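Subject: Handover of a structure and notes on its contents

Dear colleague,

Please find below the structure that I am passing on to you. My notes on what was found in it follow directly after.

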Amino acid sequence: MSNSVISVISRFLEEYTTKTSNKLKVVDAYLFYILLTGALQFLYCLLVGTFPFNSFLAGFISCVGAFILGVCLRIQINPDNKGDFLTISQERAFADFLLAHTVLHLVVINFIG
Amino acid sequence: MYVPTGLFSLVLLTVALGAQALTPSHHLSLSDVARLQALLSQPFTDLASAYYSIVGLSKLGASVADENDACHFLKAQLDPMSVDSLFFAAEASQAISDCEIPVSNETRDILLAAVSEDSTVTQIFRAVSALSSLGLPLASQEVVGALVARIAKEDNVLAITTALQTATRLSQQADFGGILEEIEDLAARLDDLGGVYLQFEEGLEATALFVTAAYTLSDHVDTEPPLKEDQVIQLVNSVFSKKSWQSLSEAFSVACAAAALSNNRFQVPVIVSAQGPATVSHNQPILQLLVTDVLSNPLASASVVVESAQAVVSKNVILTQAPFSLRDGIFELNFMTSQPASGYYQFSVAITGDTRLVASQVELKVKVSTEVAITNMDLSVVDKDQSIGTKTSRVDYPFKAKGSFTADSHQNFAMTFQLVDVNTGVELTPHQTFVRLHNHKTGQEVVFVAEPDSKNLYKFELDIAERKSEFDSMSGTYTLHLIVGDATLENPILWNVADIVLKFLDEEAPAAIQSKTLYMPKPDIQHLFREPEKKPPTVVSNAFTALVLSPFLLLLILWFKLGANISNFSLSPSAVLFHVGHACMLGLMYVYWTHLNMFQTLKYLAIIGSLTFLAGNRMLAQKAVKRIASK
């Protein structure tokens with residue numbers, strides 16, 4: 001049982017390092033960073049308490065939002081998905097990413113108190 | 001309105017509660033008459049004021065201070081060319097004995113000329129009065145004609161009243177038919193206020209002058225005035241409700257009305273009131289009544305009879321058809337000879353002797369008071385289970401019981417007594433029979449009510465255990481007082497009967513202090529501000545801040561390992577502008593957090609954002625072109 005899990009994981013890692021392009025790996029690194037930040041914020045909240053709650057929410061939502069937008073960007077610039085996004089060029093995806101982030105940051109800063 | 005309409009509702013209530021026969025509620029008492037006379041005795045300022053004073057005082061049966069002086073004043077102030085002047089002087093001189101106003105042919109002509117359809121009613125009245133007072137001849141029928149014509153033109157209350165007054169100066173043979181009808185017409189114009197007051201909206205003076213004119217004219221033609229009894233009484237109420245008069249003419253009108261009402265051939269309102277409080281008792285058995293006219297002159301020719309005297313509570317009729325006897329102008333009746341029980345009695349009094357009397361049926365409430373005596377006061381301490389026999393002590397008023405009584409929670413304290421009327425021996429049940437227990441040391445006071453049983457024997461029982469909460473379980477010596485009182489008792493009683501020592505089972509501590517501190521300032525309340533929430537220690541916060549920021553380092557390391565670089569960075573103006581703009585936007589976010597509000601931020605964001613967008617658009621387009629070209 002555990003054997004198959006380990007083999008699946010190792011296979012996955014191997015495929016990942018070889019098959020994915022550098023560009024995507026850069027985005028993945030960014031996503032990983034966001035994930036860690038969000039997780040650490042959540043850990044703090046669990047350990048120390050929810051005061052001040054609005055600040056915690058702002059930070060956490062920021063991480064979650066950024067993660068989602070990053071995932072969207074990754075999907076859109078992945079050449080394998082070109083067929084699904086015929087009208088959206090890479091630059092366009094990036095521009096959308098920036099615009100959405102502006103709105104996200106506005107909301108987060110408003111809420112952070 | 002000179003009758004305050006605030007009284008209206010009160011009046012309505014009074015009427016609703018007890019309007020049998022209407023009786024006058026206002027008249028001129030002796031002090032009012034004196035005040036009226038004083039007002040009329042003011043020094044004269046002009047001929048008009050002299051007229052009002054002199055004639056007014058004569059109506060009240062008084063006279064001016066110095067008649068000679070007055071006469072000289074009249075002669076000096078007289079203007080023989082003016083009808084008004086002649087009127088005032090002539091009328092006033094009639095009221096003074098030995099005062100003659102010189103008359104000339106011119107005077108007569110002027111006065112006769114004033115009697116015509118072209119003069120106002122007032123002018124006609126003054127001319128006619130002057131002619132009649134000066135003894136000059138006048139044609140009555142002509143005057144009547146002129147008056148009738150004027151009334152048709154001047155259809156107001158004062159004008160018609162003046163016309164009526166004029167008619168009183170004419171010869172009795174004249175045809176008064178049309179003018180007499182005016183009395184009834186005017187009476188119909190009176191305003192009824194709550195069934196108690198009847199007055200003209202023009203005011204007190206108009207009403208008083210109307211009363212005077214109506215009665216004077218009725219007397220003159222020997223016809224009964226068309227006023228019903230109720231109307232007469234309402235007029236009396238209206239005219240005499242005001243006790244201080246604003247002007248000389250107002251005072252004059254009231255004086256004339258009073259004279260007319262007290263001395264005319266048809267209707268004389270009678271005022272009945274008790275002399276002093278309407279109370280009789282054994283010491284003062286005589287009920288005294290004052291029967292007067294509106295000027296407080298006693299009516300000597302009247303005879304006063306009690307038609308019935310009925311007890312208010314029991315409705316027993318004590319007296320019927322008992323006459324009052326007249327003594328020194330006061331009507332007296334010895335009510336105690338009928339041996340009434342104490343209480344209130346409704347007297348129905350009738351005044352006869354003169355057919356002119358109005359409001360001769362009067363209702364009076366008379367109180368019969370008496371003295372109370374306490375008999376058979378027995379005190380005892382009874383055991384609850386009644387195993388030990390009771391020991392009763394008799395105490396006599398006003399003495400105190402010898403020795404104190406002791407009672408504890410197993411016992412009851414009992415008190416019985418009777419209240420009797422000193423004079424008749426009848427048992428009484430006064431309104432207030434209280435038993436008061438007072439603790440000198442703690443200042444406690446507890447009051448109970450003693451109630452009579454069916455045989456009118458008063459009983460008071462104190463169950464010590466049951467009542468301990470009223471005493472706050474404070475044991476000690478209590479003085480016992482009996483309080484007896486009633487409106488019909490002349491000797492209310494406060495009697496210290498005995499001392500009782502009460503023993504309670506559990507003693508509660510300072511209840512007395514509570515009563516003392518009841519009116520002392522209460523302890524201050526300190527306001528508790530909202531406490532700030534507990535924050536974690538700074539060390540923890542700082543540690544976690546560092547921890548949260550650390551993944552950024554990891555990101556940089558990962559990117560470095562992946563080989564991400566900025567070698568492709570073209571220094572085109574749009575690229576530079578884009579990056580600068582983007583950096584500004586991020587900076588704006590920080591400034592928003594620290595200083596700005598949403599509106600300002602949006603404003604700046606719009607500016608910077610549009611610039612960044614344009615630059616970014618350009619830059620990305622260039623990049624796209626480059627990418628496609630390199631493919």
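I begin with a pair of neighbouring names in chain B: B:Arg108 and B:Asp109 join their side chains in a salt bridge, with 3.9 Å from N to O. Please keep in mind throughout that the model is predicted. B:Arg108 has a relative accessible area of 29% and is therefore partly exposed, since that class lies between the limits of 20% and 50%. B:Asp109, at 44% relative accessibility, is likewise classed as partly exposed.

A second pair in chain B consists of B:Arg436 and B:Glu445, whose closest N and O atoms lie 2.4 Å apart in a salt bridge. How do its two members stand, buried or partly exposed? B:Arg436 is buried, because its relative accessibility is 18% and the class requires a value under 20%. B:Glu445, by contrast, is partly exposed at 46%.

B:Arg169 is partly exposed, with a relative accessible area of 27%, whereas B:Glu91 is buried at 11%.

Salt bridges in chain B also occur as a network, which links B:Asp32, B:Arg35 and B:Lys243. Over all chains of the structure, the search finds 20 salt bridges.

Turning to chain B as a whole, its secondary structure is made up of 17 helices and 23 strands. The chain has 631 residues, of which 45% count as buried. When contacts between residues at least 6 apart in sequence are considered, 69% of those in chain B join residues at least 24 apart.

The remaining notes concern the place where chain B and chain A meet. How many residues does each chain bring to the contact? Chain B provides 33 residues and chain A provides 29 residues. Together the two chains bury about 2,700 Å², and carbon and sulfur atoms account for 80% of that area.

One salt bridge is found across this interface. A:Glu91 forms it with B:Arg627, and the closest N and O atoms of the two are 3.1 Å apart. Four residue pairs are in polar contact between chain B and chain A, counting pairs with both residues at pLDDT 80 or more. On the side of chain B that touches chain A, the elements giving two or more residues are α15 (538–562), α16 (573–594) and α17 (598–630) of chain B. Of these, α15(B) gives the most, with twelve residues. By type, the residues on this side of chain B comprise 24 nonpolar, three polar and six charged.

With kind regards

Key: Residues numbered from 1 in each chain as written. Chains lettered and ligands numbered in written order. Predicted model: local features only at pLDDT ≥ 70, side-chain atom pairs only at ≥ 80, totals over all residues. Heavy atoms only, no water. Contact = heavy atoms within 4.5 Å. Buried area = accessible area lost by both parts, 1.4 Å probe. Salt bridge = Lys/Arg side-chain N within 4 Å of Asp/Glu carboxyl O. Polar contact = N/O pair within 3.5 Å; in protein donor to acceptor, adjacent residues only side chain to side chain. Helix = DSSP H or I, 4+ residues; strand = E, 2+ residues; numbered from the N terminus. Nonpolar A, V, L, I, M, F, W, Y, C, P; charged D, E, K, R; others polar. Buried < 20%, exposed > 50% of the residue type's maximum accessible area, 1.4 Å probe, protein only.
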